[in-house]
Amino acid sequence: MPEDPIGQEMARILNEKLQRVIDRQAEQTIALANHTAALDRLEKGQEELKALLRQLLERNG
């Protein structure tokens, strides 16, 4: 079967583009996981502060 240089080049270009999309998706997934973890930490801190505030109010109420 004769080689098809144009087809091979197109396949190479498409493969590179696909790899860039996959890499970007992985980066975005990691960023989302990091943001989610940060949000979880903030929410936990908020709940701790609410509990402390309730304790203070009960002592002084």
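1. Helices (H or I, at least four residues) and strands (E, at least two) are DSSP runs, numbered from the N terminus. By this definition I13 is found in helix α1. The model is predicted: local features need pLDDT of at least 70 and side-chain atom pairs count only at pLDDT 80 or more, while totals for chains, interfaces and linings use all residues. Residues are numbered from 1 along each chain as its sequence is written, and side-chain values use heavy atoms, with hydrogens and water left out.

2. Overall form. The protein has one helix and zero strands. Its radius of gyration, taken over C-alpha atoms, is 26 Å, well over the 10 Å that the globule rule (2.2 Å times the number of residues to the power 0.38) gives for 61 residues, so the protein is more spread out than a compact globule. The C-alpha trace spans about 90 × 15 × 10 Å along its principal axes.

3. Distances along the chain. Between I13 and Q25, 12 residues apart in sequence, the C-alpha to C-alpha distance is 18 Å. G61 and A33 are 28 residues apart in sequence, and their C-alpha atoms are 41 Å apart in space.

4. Surface. The accessible surface (Shrake-Rupley method, 1.4 Å probe; for residues, only the protein chains shown count as cover) comes to about 5,900 Å², and carbon and sulfur atoms account for 61% of that area. Buried residues (under 20% relative accessible area; exposed means over 50%, and partly exposed lies in between, with a 1.4 Å probe and protein chains only) make up 0% of the 61 residues. I13 has a relative accessible area of 29% and is therefore partly exposed. G61, placed in the segment after α1, is exposed, with a relative accessible area of 92%.

5. Charge. The protein carries 9 positive and 11 negative side chains, and the centres of the two sets lie 10 Å apart. Here Lys and Arg count as positive and Asp and Glu as negative, with His and the chain ends not counted; the place of a charge is NZ of Lys, CZ of Arg, CG of Asp or CD of Glu.

6. Salt bridges. Side chains of opposite charge can pair when their charged atoms come close. With a salt bridge defined as a side-chain nitrogen of Lys or Arg within 4 Å of a carboxyl oxygen of Asp or Glu, a search of the whole structure finds four.

7. E16 and R12. These side chains form a salt bridge with an N to O distance of 2.4 Å. Both residues lie in helix α1 (residues 5–60), four residues apart, about one turn of the helix. E16 is partly exposed at 35% relative accessible area, and R12 is partly exposed at 38%. A network of salt bridges links E9, R12 and E16.

8. R24 and E27. The closest N and O atoms of this salt bridge are 3.3 Å apart. R24 and E27 lie three residues apart in helix α1, about one turn of the helix. R24 counts as partly exposed at 48% relative accessibility, and E27 is partly exposed with a relative accessible area of 45%.

9. E47 and K50. The salt bridge between these side chains has an N to O distance of 3.7 Å. Because E47 and K50 are three residues apart in helix α1, about one helical turn separates them. E47 counts as partly exposed at 44% relative accessibility, and K50 is partly exposed with a relative accessible area of 38%.
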